[in-house]
Amino acid sequence: MNKIEHIGIAVKNIKEATETYEALLNKKPYKEEEVESEGVKTVFFETGESKIELLGATSDQSPIAKYLDKKGEGIHHIAFAVDDINFEIQRLEAKGFQLINQKAKPGADGKIIAFLHPKSNHGVLVELCQDA
Ligand code: ZN
């Protein structure tokens, strides 16, 4: 696994959160993207080699809406860049990590992704992330 590709932050109001992070980081986001299949709107900021991904829900059925109900706003996941996501999925499964996605799928920002269950990672939702 390579660098931390991004940190995902779940927010209630994506517009307000975008303004907050614009002020915090003193820059504009480089991308906004809706991932319809996930019920998520994302806003990305560059922070050196890594990024901040704001995640807002676009429907009540969205995993982000459920997360916000349960846990409130805050750090949602850490994404690691990998060279070969299918290799990493097999490697981690063989080591007993619990996968949320058995197969890599398209994510935001031109990536293919897979999530590992927080139970496997001491409470941290981990995303594997490969350039598509
Ligand atoms: Zn992410």
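View 1. His 6 is buried, with a relative accessible area of 3%; buried here means under 20%, exposed over 50%, and partly exposed in between, using a 1.4 Å probe and protein chains only. This is a predicted model, so local features need pLDDT of at least 70 and side-chain atom pairs count only at pLDDT 80 or more, while totals for chains, interfaces and linings use all residues. Residues are numbered from 1 along each chain as its sequence is written, and side-chain values use heavy atoms, with hydrogens and water left out.

**View 2. The zinc ion and its protein donors.** Look for His 6 (NE2), Glu 53 (OE), His 77 (NE2) and Glu 127 (OE), lying 2.0 to 2.2 Å from the zinc ion. Donors are N, O and S atoms within 2.8 Å of the metal (3.2 Å for Na, K and Ca), and since water is not among the atoms, sites may look incomplete. Along the sequence, the zinc donors follow the spacing H-x46-E-x23-H-x49-E. His 6 sits in strand S1 (residues 4-10) and His 77 in strand S5 (residues 74-81), so this pair ties together parts that are 71 residues apart in sequence. Helices (H or I, at least four residues) and strands (E, at least two) are DSSP runs, numbered from the N terminus. Like His 6, His 77 is buried, at a relative accessible area of 2%.

**View 3. Angles at the zinc ion.** The four donor atoms make angles of 84 to 173°, and the site counts as irregular. For four donors, tetrahedral needs all angles between 85 and 135 degrees; four count as square planar, and six as octahedral, if opposite donors are over 155 degrees apart and all others between 65 and 115; anything else is irregular.

View 4. The rule for a salt bridge is a side-chain nitrogen of Lys or Arg within 4 Å of a carboxyl oxygen of Asp or Glu, and the count comes to eleven. Lys 111 belongs to strand S7 (residues 111-116) and Glu 5 to strand S1, so the pair ties together parts 106 residues apart in sequence. Both ends are tucked away: Lys 111 is buried at 10%, and Glu 5 is buried at 4%.

**View 5. Arg 91 and Glu 88 on helix H3.** Here the N to O distance of the salt bridge is 2.8 Å. The two residues are three apart in helix H3 (residues 85-94), which means about one helical turn separates them. Arg 91 is partly exposed at 28%, whereas Glu 88 is buried at 8%. Elsewhere, salt bridges that share partners join Glu 5, Lys 31, Glu 33, Lys 51, Asp 109, Lys 111 and Asp 131 into one network.

View 6. Strands S2 (residues 31-35) and S3 (residues 40-47) run antiparallel and are joined by five bridges; strands pair if DSSP finds at least two bridges between them. Val 35 stands opposite Val 40 in S3. Four residues lie between these strands, and Gly 39 in this hairpin takes a positive phi near 65°.
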